[in-house]
Amino acid sequence: MSTTQTNKIEIIKAATSKINEVDFENLSFGSVFTDHLLECDFKNGEWQKPVIKPYAPFLLDPSARVFHYGQAIFEGMKAYKDDNNDIWLFRPDENYHRFNKSAVRMAMPEVPEDVFMEGLNQLLKIDEAWIKKGLGNSLYIRPFMIATGYGVVANPSEDYKFMIILSPAKAYYSGEVKVLIAEHFSRAANGGIGAAKTAGNYAGQFYPTTLANKEGFQQIIWTDDATHTMLEEAGTMNVFFRINDTLLTAPTSERILDGVTRKSIIEMAKKEGINIEIRPVLVSELIEGYKNGSLKEIFGAGTAAVVSPIKGFSYKETYYELPKIENSVALHLKEELTNIQHKLAEDPFGWTVKV
């Protein structure tokens with residue numbers, strides 16, 4: 001194990017790498033991690049010096065606030081390697097700013113840009129061998145922050161730990177998925193934390209999603225908490241609906257996460273002249289569109305899955321399976337977006353950032 005020092009980051013390199021133990025052709029998403037991680041503590045009202053060190057478990061006091069009051073936020077990003085072995089990030093500034101928006105909403109300190117961005121860049125350079133070339137290969141990046149202050153008093157923590165871990169990845173979902181439209185359960189409510197990428201949002205989804213899984217559905221399309229008439233998100237993704245040749249997606253709000261992939265698809269669609277409407281989408285519109293044949297496609301969009309076509313949906317115990325179509329807008333946009341991310345096509349938007 002070797003230690004080096006920069007002006008901003010301490011680097012402790014692992015003595016050996018476990019990369020040769022990994023089967024990169026058969027990866028289970030988010031279960032294999034690289035040799036190093038980034039760690040930076042917030043203590044005494046200020047951020048300490050960040051350190052890159054070997055990936056390993058760490059100790060926390062049993063009374064740490066994260067366990068008792070749920071102060072935990074995270075982001076999802078990806079790094080790609082092109083044919084010249086250069087490493088690229090996709091719109092990292094969007095993830096950085098959203099991370100700090102989540103921090104503010106959860107009464108946590110904002111992470112300085114140099115800790116987040118410089119730390120990430122250094123970490124990627126150290127573990128660059130884990131980023132494999134080729135379409136579909138990527139390195140999933142998970143920045144997160146937890147409350148580490150001790151004591152079971154119901155107040156915000158005074159101490160926090162920011163970390164970045166890395167996981168080699170292939171496609172998150174394979175094939176098409178079937179979804180259940182929520183009639184009772186809600187992902188988020190007005191005035192709540194739905195727009196923050198916080199751990200509790202995801203924990204709250206597990207039970208209704210498990211119920212849907214038992215009925216043969218992979219995910220849920222969430223509806224608004226008040227009336228359950230407006231379609232909002234699909235599982236952990238933003239969702240799009242194609243009615244004839246128009247794409248529809250719900251506007252972001254206190255209930256809906258401001259997805260980076262969602263933003264990118266909207267901009268790409270506009271540039272290509274695809275008509276897109278950002279407005280509330282009703283369950284009744286979806287069913288009517290299915291019955292009159294105008295509903296062509298439904299797809300989820302997110303960092304892990306990129307674009308995930310939805311095969312069919314169920315509502316009030318009736319299942320509606322979408323017909324197979326040629327010239328899928330979902331698959332076209334997925335191809336265009338992944339080609340930009342992998343540097344296989346021109347990036348007219350300036351989204352890709354070289355490490």
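Visitor: Hi! Before we start, what kind of model is this, and how are residues numbered?

Guide: This is a predicted model, in which local features need pLDDT of at least 70 and side-chain atom pairs count only at pLDDT 80 or more, while totals for chains, interfaces and linings use all residues. Residues are numbered from 1 along each chain as its sequence is written, and side-chain values use heavy atoms, with hydrogens and water left out.

Visitor: Great. How many helices and strands are there?

Guide: The chain has 7 helices and 21 strands. Both are DSSP runs numbered from the N terminus: helices are H or I with at least four residues, strands are E with at least two.

Visitor: And what are the overall dimensions?

Guide: The C-alpha trace spans about 65 × 55 × 35 Å along its principal axes.

Visitor: What share of the residues is buried?

Guide: Of the 355 residues, 52% count as buried. Buried means under 20% relative accessible area, exposed means over 50%, and partly exposed is in between (1.4 Å probe, protein chains only).

Visitor: Show me one! What is the N to O distance for E25 and K170?

Guide: The side chains of E25 and K170 meet in a salt bridge at 4.0 Å, N to O. E25 lies in the loop between β2 (10-13) and β3 (36-43) and K170 in the loop between β10 (160-169) and β11 (177-181), so the pair ties together parts that are 145 residues apart in sequence. E25 is exposed at 58% relative accessibility, and K170 is partly exposed at 25%.

Visitor: How about D41 and K161, buried or exposed?

Guide: D41 is buried at 18% relative accessibility, and K161 is buried at 10%. Their closest N and O atoms are 2.8 Å apart in a salt bridge. D41 sits in strand β3 and K161 in strand β10, so this pair links parts that are 120 residues apart in sequence.

Visitor: Where do E232 and R255 lie?

Guide: E232 is in strand β13 (residues 230-234) and R255 in the loop between β15 (246-249) and α5 (260-271), so they tie together parts that are 23 residues apart in sequence. Their salt bridge has its closest N and O atoms 2.5 Å apart, and both E232 and R255 are buried.

Visitor: Which residues join into one network?

Guide: R91, E94, D258, K263 and E267 are joined by salt bridges that share partners.

Visitor: New topic: where is W351, and what does W351 touch?

Guide: W351 lies in the loop between α7 and β21 (352-354) and is buried, with a relative accessible area of 5%. Not counting residues up to four places away in sequence, W351 touches L89, F90, R91, P92, S264, E267, M268 and L337. R91 and E267 also belong to the salt-bridge network.

Visitor: Last one: what is the phi of N44?

Guide: N44 has a positive phi of about 55° although it is not a glycine. Most residues other than glycine have a negative phi. N44 is found in the loop between β3 and β4 (46-47) and is exposed at 75% relative accessibility. N327 also has a positive phi, near 55°.

Note on methods. Contact means heavy atoms within 4.5 Å.
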